[in-house]
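Subject: Structure handover

Hi,

Here is the structure we talked about. Please have it open while you read the notes below.

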Amino acid sequence: MKNDTLHLAGVYTKTVMKSWFQYKVDAVLRSLAVFLREATGIIVIYFTLLKFDTLNGWNIYEMLFLFSLLFVTYGILIIFFTGLRDFGGTVRSGNFDRFILRPRGLLFQLIFCNADWFAAIGHGGLGIVLFVISAGKVGVVWNAATIVYYLLAIVGGVLIQGAIFLFLATLNIYLLETNSLKELFYWNMRKFAGYPISIFHKSIQVIMIYVVPFAFVNYFPAQYLLRKSDMAQYPDIFMYLTPLVGGGMYLLAYAFWRFSIRYYKSSGN
Amino acid sequence: MLTPYLAFAKKSFLNRSAYRFNHFMGILNTILRIFIFWGIYKALYGDRSEVDGITMTMVTTNFILSICLEAVFCVNDFYLPDRINSGSIANELLLPISFPGRMLADNLGNAVFKLIYHFVPALIVSVLIMGIQAPAGIPMLLLFILSALLGYGVLWTISFAVQMCSFWLINVWSIVTIKNVFVNVLSGSMIPLWFMPDWMSGVLELLPFSSIYFTPVQIYLGQLSYGEIAVKCAIQVVWIGVIYLIGTLLWEKGKRKLVVQGG
């Protein structure tokens, strides 16, 4: 049974990849476009810091490192959570009914039935490029402990964003249309996440730490490794919480999903 | 003569008013964008009152004006591609009106809507939160408006020319996205162009992007003399002419080879 599940996941992934890369030139161009679109903010901060040197004590390499965490986690996230990101459309078109009829877990199908490979390559590729450029220049000693910490932070960061996607996807069961909420709570907050949150107004910081905790995706993990002086205004414990926040949020979102799925009503034809 | 175009513009104006919540989100988005850049530059400036003769208020003004204008200048990059993909272009070509003219009418109707219901509220909220520098006199304010209109022309013709690629490519999303990256980075709405490194200034002068938002902002702030304003606006007009010509050539060529699948 276990093997069978893995096999099925493999088959799904292969099919999805085939469908995304059907038109090869287009696929390359699309990945490049996503890469460049996401790099916009980085090009901007690069030019800005040529002039200003540091942003609240963060130099260009430290900024790139901060950005890289955001992109690497999104690149991994989107391989698994595209189905949840686009769940609203699946519900509205009635396609979700087909998933329910199949003898496999719903979440399993949603996760493996689609993966936005252009976003994965665009974001993930950019994240890796930024990491390679910055990792050697930010004064981090890469030993077993920091590498394990880094990997755990990545997993935590993926889970935090995955939990937000899962939570918003679940809301579709009740509301049918949640794109605007996603825009408000995910994409808008993510715009702040590329920068050290300490530069923003207190209210933004509170949202980034306690409501949509992007601060735990990149700011606090980066702080653990870089120890910039603006960390002084937050409790030290925040630097260690990312995996816990990720795991906790994901479990909560999963419980909400399990609870809500019983109330699913089809949108009709 | 203009009546059908006005009707199209009015239709697109009314279309916009249908999505209230999305519209509200759009305004919030604009304000947040300005707020983020403002936060970044406040941190960058720290205690300094000016950098290279540019005060923080001027930076704030640059962001508020160019990002609010950006909301008005939202050109539908997929107007033609959508019609080619769905095949409805065939019917549009039968209408006794110019298709590019219709495209412009549709975009302008949208722009007027955005000016009233997006630009104005976003501007007011931003100014209340962050403050803004007053325009350098009434003549400069009027010239700012003129130059902003020309800036819209530059942005529109760029989009017009890029959309023509859809005659030859199945999917223009990538090209449109890459075009928008250039517009975003080089037009001054994300980096005030005063702070670009020197070698970039040369590049910027060879490209049309800085005349979209940055020229109007410079005029508003009173940084240009009347002579310089005349030159900058002439440059805007030349760009509009050149890019429109390229777009029209592609349009004439593309129209001839257009093949619509199905029916």
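**Helix packing in chain B**

α7(B) and α8(B) are roughly antiparallel to each other, because their axes cross at roughly 155 degrees and angles over 145 count as roughly antiparallel. Bear in mind that this is a predicted model. Helix α7 of chain B covers residues 138–163, and helix α8 of chain B covers residues 173–186. Their axes come within 10 Å. The crossing of α7(B) and α8(B) is right-handed.

Which residues make the contact? From α7(B) they are L155(B), I158(B) and V162(B). From α8(B) they are I175(B), V176(B), K179(B) and V183(B). By class, that gives six nonpolar residues, one charged and no polar.

**Contact between the chains**

Chain A puts 27 residues into the contact, and chain B puts in 24. On the side of chain A that touches chain B, α2 (24–52) and α9 (179–193) of chain A each supply at least two residues. α2(A) gives the most, with 15 residues. That side of chain A divides into 16 nonpolar, five polar and six charged residues.

**Nonpolar core**

The largest nonpolar core has 142 residues. Those with the most contacts inside it are A163(A), I40(B), C68(B) and L155(B). Helix α3 of chain A (residues 60–85) provides the largest share of this core, 17 residues.

Two of those names are worth a second look. L155(B) is also one of the α7(B) residues in the contact with α8(B). A163(A) touches M249(A), Y250(A) and A253(A), leaving aside residues up to four places away in sequence.

Best wishes

Methods. Residues are numbered from 1 along each chain as its sequence is written. Chains are lettered from A and ligands numbered from 1 in the order in which they are written. This is a predicted model: local features need pLDDT of at least 70, side-chain atom pairs count only at pLDDT 80 or more; totals for chains, interfaces and linings use all residues. Axes are lines fitted to C-alpha atoms, for helices over the stretch in contact, and angles run from 0 to 180 degrees between N-to-C directions. Helices (H or I, at least four residues) and strands (E, at least two) are DSSP runs, numbered from the N terminus. Angles under 35 degrees count as roughly parallel, over 145 as roughly antiparallel, 65 to 115 as roughly perpendicular and the rest as oblique. A crossing is left-handed if the near helix is turned anticlockwise from the far one by less than a right angle, and right-handed if clockwise. Two residues are in contact if their C-beta atoms, placed from the backbone, lie within 7 Å. Ala, Val, Leu, Ile, Met, Phe, Trp, Tyr, Cys and Pro count as nonpolar, Asp, Glu, Lys and Arg as charged, and the others, Gly among them, as polar. A nonpolar core is a set of buried Ala, Val, Leu, Ile, Met, Phe, Trp, Tyr and Cys residues joined through C-beta atoms within 7 Å. A residue is buried if 20 or more other C-beta atoms lie within 10 Å of its own, exposed if 12 or fewer, and partly exposed in between; C-beta atoms are placed from the backbone.
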